[in-house]
Amino acid sequence: MNSTPPRRRPGPSSRASQQDRGGAERRDGPARGGGAGGRYGDGPGQGAQRRPAPAPVRRDLTPVLFLSCAAGVEPLLAEELAPWLHDLPLEIIPERGGVRVAPSEQPRRATDLSFDLSSELALTMVRAVFLLNLQSRLAQRVLWRVALGPYASEDQLYHLARSVQWDDWITPRHTLRVDVTARHSPLQSLNFAGLRIKDAVCDHLRDQFGERPDVDTRHPDLSLQLHLDGDVAYLYVDTSGEALFKRGWREDKGEAPLKETLAAAMLAAAGWKGRAEDGPLLDPCCGSGTIAIEAAQIACGIAPGLQRRFAFERLRPFAAHLGGLQQLKQQARDRIHAPAVRIYTGDVSFRMTDFATRNAERAGVLHTIEFKTADALQRPAPAEGGVLMFNPPYGERIDPKGTGHGGAVRAAREDFVDQQGASDFFTRLASHWKRQYGGWTAWVLSPDMKLPSAMRLKESRRVVMFNGPIECRLFRFDLVSGSARAQAPSQADASED
C-alpha cells in the first residue's frame, strides 16, 4: 500500500479544524444545517426561480473516502489506518485536514455519470467504511465523496448535486441535513449554498417517488458535507453521523473535557501503544479520565467504535452488508486482551476521580486503571519508569487538597490569579518531577509556548496540536533524577514537528 502523498488536494474540514488552520479564509461561517432548511425553512430554495446555470462537467468519479482530523494529526492518522487497510486495494494519502483513501487502481469507467454501488470496488469501499469507523481513534469523521466539480455560483452547485443518484442512498422517508465549509470560496453565503444542495436532493427524490424527504438538523439519516475550495466543490456523505470522538462511554464529565481523539493523538505522537516496552502510563490530572481511558483501551486492544452506532447503518448502500459489520465487531471483540502495562491516574478532586472511575467502568477498562485522588504536586512515582501524560487546565490552577482561599475551600480547578501563579505551579511541578520521576518521560499539552521556561526544563521535542480552536504544543521532557533540567537533546530532537 502506498502511503506517500502526491500533490495534495484540499479536503473538507470540520468547524474546529477551519479555526485551527488560522490562515484559512472564509466568506461566511460553516452553515450548521443551513442547507437543510435552517432559517430558509423546508420549502423550495430561493434560488429555484433563477435561470439555471449549465451543469458542470464532473471529473474524477472514483469512489473516495476522506477522513477528517485535527490539523497536524494527518501523518499520525495515515499511520494508524495502514494496518487496517493493508489487505484492500486502497492507498492512503495525507492531505490538509485529513487523509484520503482511494483505490490504488483507477476503475475502467471512471468518467461515467453514475457509480455502480454493487460493483466490486464499491464493496471494497463499504468494507473500508465499516473498518475505519470502527477502528480509527484519530479521525473525526469518515466521509464518502459522491460528487466533485468546478463551480462559480450556487446554481452550479445545484446541478452538481442533481447528478448524484440520491435514491441509491435514501428514500423520502429518510431525513437529511447539509453542512458547508469553505476556503477561499467566492460565494457570499454558505447558508444559501447548502440550501441549493438540499434542493437538489429533494428535487431528485420528488422526481423519483413523488414526495420529498424531511429535514432534521439534529439526527438526520443522511448528513451531507459540502466543502468549497476556490473553484472546486466537494460533496460528501457523512458515514459516521456523530463525530467519532463520541465513543459512547462518556457520561460524567467536568468543564472543557479533552476530546477522545485528541487524547489518542497525544498517545500516538508519544509512540505509546500499550506494549510492555512502552512502560506504564500516568496522568496525574485526569479530569473525566479521557487520557487514561484511551490508553487503557489501546492497551487492551478495544476498538473505539464498539459501543456506538453509525450513520451508515441507516443508508441504503450499506443495508445489505450490515452482517459484515457484525462480523467485524465480533472479530474486534475477539481481539480484546489483558493489558501488558498498568495505567495510573487520578485528580486532586474527589469528584473528578469519581467521574473518571465511572467512565472507565462504562468503557470496560476499570480493571486496567489504578485510580487515586492525589495532588499532582505530591503524588509519588508509581513505578521506576514510565510515561507521564499531562493536560493541565489552560489558565487554571490545581490546588493541593484541603487548601482554602479567603476562608473558603477552593474548587479543584480555578483561574490563576496572575501569570506568576501559573509560573509558580509549573516550577513546583517540575521540582517534584525532578525528585520523584527520574527516568520517566513527560508529555505536557499546553498553549503556552514558554512552558519549558516556566518549568525550567529543556524539551526534547514539541509537536503542534490543536485542542479545538486552541493552538497548542505537546512538549516532551526527558526527566533526569536530581536535576531540574533534562539532558541536553540534539538540535534535531528538539525541533518542532
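Modeller: A cavity is a set of grid points where a 1.4 Å probe fits but cannot get out. Keep that in mind for this structure, which is a predicted model.

Colleague: How many cavities of 30 Å³ or more does a search of the whole structure find?

Modeller: The general idea comes first. Rolling a probe the size of a water molecule over the atoms shows where empty space is left. Here the search of the whole structure gives two cavities of 30 Å³ or more. The second largest cavity holds about 30 Å³ of space.

Colleague: Which residues line the second largest cavity?

Modeller: Its lining is made of Arg247, Trp249, Gln297, Ile302, Ala303, Pro304, Gly305, Leu306 and Gln307. By kind, five residues of this lining are nonpolar, three are polar and one is charged.

Colleague: Next, strands. Where do the side chains of a strand point, and which residues of S3 lie on each side?

Modeller: In a regular strand the side chains alternate between the two faces of the sheet. In S3, Leu90, Ile92 and Pro94 lie on one side, while Glu91, Ile93 and Glu95 lie on the other. Both faces are covered, and the residues named on each side are all buried.

Colleague: Why is S3 described as largely enclosed by the rest of the structure?

Modeller: Six of the six residues of S3 are buried, so the strand is largely enclosed by the rest of the structure. Glu95, which belongs to S3 (residues 90-95), counts as buried because its relative accessibility is 2%, and buried means under 20%. The side chain of Glu95 also makes a polar contact of 2.4 Å with the side chain of Arg100.

Colleague: Which way do S3 and strand S4 run, and how many bridges join them?

Modeller: S3 and S4 (residues 98-103) run antiparallel and are joined by six bridges. Within this pairing, Ile92 faces Val101 of S4. The two strands form a hairpin with two residues between them, and there Gly97 has a positive phi near 85°.

Colleague: Where else is there a hairpin with a glycine of positive phi in the turn?

Modeller: S19 and S20 form one, again with two residues between the strands. The glycine in that turn is Gly468, with a positive phi of about 65°. S19 and S20 (residues 470-478) are antiparallel and share seven bridges. Val463 has Leu474 in S20 as its bridge partner. As for cover, six of the seven residues of S19 are buried.

Colleague: Now helices. What length does H5 reach, and what is expected at 1.5 Å a residue?

Modeller: Helix H5 (residues 190-209) has 20 residues and spans 29 Å from its first C-alpha to its last, close to the expected 28 Å. Of those 20 residues, 14 are buried, and the helix is mostly covered.

Colleague: What is found at the start of H5, and what just after H5?

Modeller: At the start, a side-chain oxygen of Ser189 comes to within 3.4 Å of the backbone nitrogen of Asn191. Just after the helix, Gly210 has a positive phi of about 80°.

Colleague: How many residues of helix H6 are buried?

Modeller: Nine of the 11 residues of H6 (residues 260-270) are buried, so this helix is largely enclosed by the rest of the structure. Among the buried residues are Glu260, Thr261, Leu262 and Met266. Just after H6, Gly271 takes a positive phi of about 75°.

Colleague: Which residue other than glycine has a positive phi near 60°?

Modeller: Most residues other than glycine have a negative phi, and most peptide bonds are trans. His184 has a positive phi near 60°. His184 sits in the loop between strand S6 (175-182) and H5, and with 36% relative accessibility it counts as partly exposed. Arg456 is not a glycine either, and its phi is positive at about 60°. Arg456 lies in the loop between H12 and strand S19 (461-467).

Colleague: Is Arg456 buried or exposed?

Modeller: Arg456 is exposed, because its relative accessible area is 54% and the cut-off for exposed is over 50%.

Colleague: Where is Pro447 placed?

Modeller: Pro447 is in the loop between strand S18 (441-446) and helix H12 (451-455). With a relative accessible area of 30%, Pro447 is partly exposed. Pro447 and Met465 are 18 residues apart in sequence, and their C-alpha atoms are 9.1 Å apart in space.

Notes:
Residues are numbered from 1 along each chain as its sequence is written. This is a predicted model: local features need pLDDT of at least 70, side-chain atom pairs count only at pLDDT 80 or more; totals for chains, interfaces and linings use all residues. Side-chain values use heavy atoms; hydrogens and water are left out. On a 1 Å grid over the protein atoms alone, a cavity is a set of points where a 1.4 Å probe fits but cannot get out, and a pocket is an open set with protein on both sides within 12 Å along at least five of seven lines; lining residues have an atom within 4 Å of a point. Grid points are joined across faces, edges and corners, and a volume is the space filled by probe spheres set on the points. Ala, Val, Leu, Ile, Met, Phe, Trp, Tyr, Cys and Pro count as nonpolar, Asp, Glu, Lys and Arg as charged, and the others, Gly among them, as polar. Helices (H or I, at least four residues) and strands (E, at least two) are DSSP runs, numbered from the N terminus. Buried means under 20% relative accessible area, exposed over 50%, partly exposed in between (1.4 Å probe, protein chains only). A polar contact is a pair of N or O atoms within 3.5 Å; within protein, one must be able to donate a hydrogen and the other to accept it, and residues adjacent in sequence count only if both atoms are side-chain atoms. The expected span of a helix is 1.5 Å times one less than its number of residues. Two strands pair if DSSP finds at least two bridges between them.
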